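Please open the model in your viewer and keep the selection tool at hand, as this tour moves from one selection to the next and says what is found at each stop.

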Amino acid sequence: FVSCCCLMDGPESHGAKDLSSANDAPLYCFNYLIDKCRMSKCPRLHVADPKATLADIQQCLCPNDGQCRVRICPYQHKPPPATVPRPPPKRPRADFVAAKPSGVAAGVEAPARDGPVFSFSPIGYAKSCYREKHGTPRQTGLVPSSWAIIELPKGEKFSQAVDGLEQFSHVWLVYVFDRAHDRAADWHPYIETPRETRTTKVGVFACRSPDRPNPIGLSVVTLERVVRGRGQPTRIHVKGVDLLDNTPILDIKPYIPYADCVPSATAGWIHDDVPNYEVHFNPEVKVPSDFEALLVDTLCIDPRPVPQKKRWPVGSPDSEQQTFSFRLADWDVLWEIRAGQFWVTALTPLANIAPPASVSAPAPAPSPDNAPT
């Protein structure tokens, strides 16, 4: 046996009881003696019995019916606590991989706190009418006739995942700015806003610029229809988009008016000053009927990048007869500024434009009317 831990402060301080009337007998803990009975498989006492007394333990351990010189400390007179097995650690979800960051590159500010790094895979891709950054609206809803088709992989899971989605008029799209500048290693806290009249910058978290620490976008769009077919990809047709073609989609959520709409919200430094210029066509320009609304809605808000707007502002003499271009759906569009109005001077199908050397031609974007279902 080993000495009782109660001897550290003296047996009297814990009320040690002399069971053998021998003051010089060794003192032992009740829990220790219980363990001793368990190891020796004592037939005279059930060690799990909560009503076991100190005398029972003494008699169990003494072959002379309790006449040996053994003292037991009653301070810990209670059965040992049951050992509860710890649950196994939770496994990471299947849709992301969690790992500790291996380190921070030299000269880069360390993150605010250590934590797991998440890696997500797209659930699908958006086939959009906007082929390049120049010409794409800054926000959703600015061009109501703009469209995109969210194509999900084949399989029963994704087909079942959209059950009930067609009951909603609008949906949220969570996606990746995959063609934005890589700011993961070196991002800037201030962003120049896309307003040609502003000269100040704002914090990256106070704007919706795609150049962010994590290039994740969020847009609410109009849901047109959901098309499913056996052995075919699931396609979700939406309108009023601001997505580039082949944008990776991370998630789709329904828009709930009572939860998502905040009538009392304020827009901070952003003002409702979206332009609306008149759009005309040269007589020789033949515009397809299914393309005219999209072209007019996109061009009337002046889709030029900020540097062009600052160099050739509408109404200035320098902007007169200046030719601009952008690509929209299957067309290359040329247009001019004349007396504060926009005039389309030429439309060329992208299929008729030879790509540069060693660069493959982009695949034509399907229109919302003749898209495969």
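Is Ala329 buried or exposed, and what is its relative accessibility? Ala329 counts as buried because its relative accessibility is 7%, where buried means under 20% relative accessible area, exposed means over 50% and partly exposed means in between, with a 1.4 Å probe and protein chains only. Before you select this residue, note that the model is predicted, that local features need pLDDT of at least 70 and side-chain atom pairs count only at pLDDT 80 or more, while totals for chains, interfaces and linings use all residues. Residues are numbered from 1 along each chain as its sequence is written, and side-chain values use heavy atoms, with hydrogens and water left out.

**Two loop residues**

Select Ala329, and you will be in the loop between β12 (323–328) and β13 (331–338); helices (H or I, at least four residues) and strands (E, at least two) are DSSP runs, numbered from the N terminus. Ala329 has a positive phi of about 55° although it is not a glycine. Next select Asp302, which lies in the loop between α5 (289–299) and α6 (306–311) and has a positive phi of about 60°, again without being a glycine. Asp302 counts as buried because its relative accessibility is 6%.

**The barrel**

Now select the strands β3, β4, β9, β8, β5 and β10, which close into a barrel of 6 strands in the order β3-β4-β9-β8-β5-β10 with antiparallel pairing; two strands pair if DSSP finds at least two bridges between them. Neighbouring strands of this sheet are turned by 45° against each other on average, direction ignored, where the axes are lines fitted to C-alpha atoms, for helices over the stretch in contact, and angles run from 0 to 180 degrees between N-to-C directions.

Begin with strand β3, residues 124–128. In a regular strand the side chains alternate between the two faces of the sheet. On β3 the covered face holds Gly124, Ala126 and Ser128, whereas Tyr125 and Lys127 are on the uncovered one. This strand is joined to β10 by 3 bridges, and the two run antiparallel; the bridge partner of Tyr125 in β10 is Pro248. With strand β4 (residues 147–152), β3 pairs in the antiparallel sense over 4 bridges, and there the bridge partner of Lys127 is Ile149.

Move on to strand β5 (residues 170–176) and strand β8 (residues 216–227), which run antiparallel and are joined by 7 bridges. In this pair of strands, Val174 stands opposite Leu218 in β8.

**A residue inside strand β10**

Select Ile249, which is found in strand β10 and is buried because its relative accessible area is 0%. If you show the residues around Ile249 but leave out those up to four places away in sequence, you will find that Ile249 touches Pro122, Ile123, Gly124, Tyr125, Ala126, Ile150, Val174, Tyr175 and Leu243, contact meaning heavy atoms within 4.5 Å. The C-alpha atoms of Ile249 and Ala126 are separated by 6.9 Å, although these two residues are 123 residues apart along the chain.

**Salt bridges**

The whole structure holds 9 salt bridges, each being a side-chain nitrogen of Lys or Arg within 4 Å of a carboxyl oxygen of Asp or Glu. Select Glu151 and Arg235, which form one of them, with the closest N and O atoms 3.2 Å apart. This pair links distant parts of the chain, as Glu151 is in strand β4 and Arg235 is in strand β9 (residues 234–239), 84 residues apart. Glu151 counts as partly exposed because its relative accessibility is 28%, whereas Arg235 is buried, with a relative accessible area of 9%.

Then select Asp163 and Arg228, whose salt bridge has its closest N and O atoms 2.3 Å apart. Here Asp163 is in the loop between α3 (156–161) and β5, and Arg228 is in the loop between β8 and β9, 65 residues apart. Asp163 is partly exposed, with a relative accessible area of 49%, and Arg228 counts as partly exposed at 36% relative accessibility.
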